[in-house]
Amino acid sequence: MKATFKQLRDAFWADPPTLPAGLALERREPIVVTRSGRGGTAIYDLIDLNTPTGRVLLVAAYQERLLAGQVDRLKERLSALAVQRRLKHDAEGLRPTPDAAPTIITDVAKPSVIEACRRSGVAVVDRRGTIIVSVPPLFVHVVGKGHVERPWRGRLFSGKASRIVRFLLTAMAPESPPVPRSTRLVANACELSYVYAYGVLTKLEREGFVERPSPHGGFRLKNPLGLLKAWISSGEEAACEAQGFYCPATSRQAMVAAAKKLKDATDNVPLFTLASALDPDEIHVTALPHAVYWTGELNSVVHAFGLKRTTPHNFRVLLPDPLLWTTAGGLLQKDSIRPDPVDTDVFRRVALPQLIVDFAASQGRGREQAEFLLGIYAKNLPYSDDEP
């Protein structure tokens, strides 16, 4: 069984499926089995299936995303458990009881799985309300039609999922009052599929960062500061690679001049972060590194900024994750880039949430600078009764 069997087990009994009248599942007792490998233990359950004509004992394993090819292997384990249980009863002098019927509980039982269980003589139950049991003279065959929401298990703060996080923290956080956005709108804004965006949003909802007025309503940002802090704690970075250099001139004027030179040479401009992206009133500590996100040839940046491969390294060239080099919730999101008031064509800076995360991931006193900027970000958020 996958390590996620515990989540499936908890979810199944927290919200049991709706079964036809006269049928009911009642958990009797767990069976904890020691096993080798990761986790060390597996948990099975003895379950009573109550029917209008009697009670049937099941021994159940939990398997998320069950495949037909896994049925026989699980049946072997369950059959062995049933035999061990009978032998223990005999050794203790207890009244003989029929062996428990091997049963697999899953989230959604596909037709191929149902057929595999039928051939192998295994009962199957799923969260949609499917229950198929054949223990002569009892035969139950119900294919459930209920909806099961499979939780999204990806990483919120990297890759495509982080586009939604940026969109929330830059486009939605300043709103007062918070405006619900449909999944379709968020998906389109971040150039993601509806299904993927819904999975990310519902995970954010479970963790208390967004909320919905109703199950069919749009999502609104509930806890932007908590979401940003969680992003920082994740340690996820937008850069795939970082190259360290010494830059002889790091004033704002020097940065702008270098960006202009780079634009003339490549018809492209860098995206500034770290110390290069700070306004004068945002500087809290000294000796902070400067950095740019750049996707072009490294030599062009080296030449434009006069970089040298000597220490101390006070300048970094960051190679961004290609999935994030986009205006659709990525580093280049139009609502988030902070242009220079004068040199708007060449001096682009990351949004404040991204800048905070970049500083938090940097060495030296970057974490201290990140905490200071976090205070600025929090101060600019609208008041909300939902903030912790």
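Predicted model: local features only at pLDDT ≥ 70, side-chain atom pairs only at ≥ 80, totals over all residues.
Which handedness does the β-α-β unit made by β12, helix α9 and β13 have? Hold that thought for a minute.

Quick housekeeping, then. Residues are numbered from 1 along each chain as its sequence is written, and side-chain values use heavy atoms, with hydrogens and water left out.

Helices (H or I, at least four residues) and strands (E, at least two) are DSSP runs, numbered from the N terminus. Strands count as paired if DSSP finds at least two bridges between them.

Okay, back to the opening: the unit is right-handed. That is, with the strands pointing away from the viewer, the path from the first strand over the helix to the second runs clockwise. Strand β12, residues 290-293, pairs with β13 in the parallel sense over four bridges, and Ala-291 sits opposite Arg-316 in β13. β13, residues 315-320, also runs antiparallel to strand β10, residues 239-245, with six bridges joining them. There, Ala-239 faces Pro-320. Between α9 and β13 is a loop holding Pro-312, and the peptide bond from Thr-311 to Pro-312 is cis, omega about 0°.

Now the open sheet. Seven strands, mixed pairing, in the order β1-β2-β3-β4-β5-β6-β7. The edges are β1 (24-34) and β7 (138-142), each pairing on one side only. On average, neighbouring strands are turned by 25° against each other, direction ignored. Helix α1, residues 5-14, packs on this sheet, touching β1, β2, β3, β4 and β5, and its direction makes about 25° with that of β2. Touching here is heavy atoms within 4.5 Å; axes are lines fitted to C-alpha atoms, for helices over the stretch in contact, with angles from 0 to 180 degrees between N-to-C directions.

β1 and β2 (41-51) pair antiparallel over 10 bridges, with Arg-27 opposite Ile-47 in β2. Down at the loop between β6 and β7 you'll find Pro-137, and the Pro-136 to Pro-137 bond is cis too, omega near 5°.

Arg-65, in the loop between β3 and α2, has phi near 50°. Glu-191, in the loop between α5 and α6, has phi near 55°. Arg-65 is partly exposed at 39% relative accessible area, and Glu-191 is exposed at 59%. Cut-offs: buried is under 20%, exposed over 50%, partly exposed in between, with a 1.4 Å probe and protein chains only.
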